[in-house]
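Welcome! Let's walk through this protein together, one question at a time.

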Amino acid sequence: MAFAWFPLYVFLFGSLFGDLLAQEHFIVGGQNAAEGDAPYQVSLQTLVGSHLCGGAIISDRWILTAGHCVKGYPASRLQVASGTVRYAQPGALYYPEAIYLHCNYDSPKYHNDIGLLKVNETIGFDALTQAVQLPTSPLSPQGTSELIFTGWGAQSAAGSLPAQLQRVQQQHLSRQACRSLLSGYEDLELGPGHICAYRQANIGACHGDSGGPLVHRGTTLVGILNFFVPCAQGVPDLFTDVMYYHDWMRQTISGNGKCAQVNHQTIIG
Ligand SMILES: *[C@@H]1O[C@H](CO)[C@@H](O)[C@H](O)[C@H]1NC(C)=O
């Protein structure tokens, strides 16, 4: 009989402990963001306001997010909530008129995970709504830069989304250190377009954080959340390196995006 008690004990303890954790920890291990803390943050949503992914305002018509957040969605099925730390109470809603997905999205797996949304109206900027700057140089390869990540992702792998935006202090991780921490994950190949962030176990990204912004010095967007092992289990979070995709973004925004190996460039809803 003794063995039969074991799962019950784990279940009871796990759910009690889980509830306690859920009250205190979000993202995983983050804190409530104050109004205006991350004015570039958006919530990418279905038209009934369900949060799908994070994203960042990079100009008054363009949102940057992860490719896997927009893959397969016609533009007409998405909305962008901005100017708020509560995704269910947007400062404003914008509607994409076109979605651009990287031609080599997910090839190889988890690579080129980047997408741009063009909204059909000019985004109004104010204290709670601003574009984030794009980087002009890469982060130091030593991986010492302090970074801020924000998102409405779950506070635990089985948890629900917090109403209020969470922020967490992250650290850029050198490629060498990242590769060694990822060594147990054979299908995860660190590519030239990835950067890693990691501080410690119990701090990191979870479901709903994808596509969200990793920012340096409070002003510069260095990464977009690409891949995480759910959730905050002591494995670095992988981000799409915004600097690496500078040319792709510039060409796409200027209307000169070309695919060397065309799969799918534009989905117009
Ligand atoms: C933008 O799209 C939304 C949703 O389709 C529509 O209601 C709105 O009128 C559009 N705005 C403009 C300026 O076309």
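Q: Which residue in strand 14 does Ile-195 stand opposite?
A: This is a predicted model, so everything here is computed from it. Strand 11, residues 194–197, runs antiparallel to strand 14, residues 237–241, and four bridges join them. In that pairing, the residue opposite Ile-195 is Phe-239.

Q: Which residue of strand 11 is the bridge partner of Leu-173?
A: Strand 11 also pairs with strand 10, residues 166–173, in the antiparallel sense. Two bridges make up that pairing. The bridge partner of Leu-173 is Cys-196.

Q: Are the residues on the two faces of strand 11 buried or exposed?
A: In a regular strand, side chains alternate between the two faces of the sheet. Here His-194 and Cys-196 lie on one side, with Ile-195 and Ala-197 on the other. Both faces are covered, and these four residues are all buried.

Q: What share of contacts between residues at least 6 apart in sequence join residues at least 24 apart?
A: The protein has four helices and 15 strands. Among contacts between residues at least 6 apart, the share joining residues at least 24 apart is 71%.

Terms used:
Residues are numbered from 1 along each chain as its sequence is written. This is a predicted model: local features need pLDDT of at least 70, side-chain atom pairs count only at pLDDT 80 or more; totals for chains, interfaces and linings use all residues. Two residues are in contact if their C-beta atoms, placed from the backbone, lie within 7 Å. A residue is buried if 20 or more other C-beta atoms lie within 10 Å of its own, exposed if 12 or fewer, and partly exposed in between; C-beta atoms are placed from the backbone. Two strands pair if DSSP finds at least two bridges between them.
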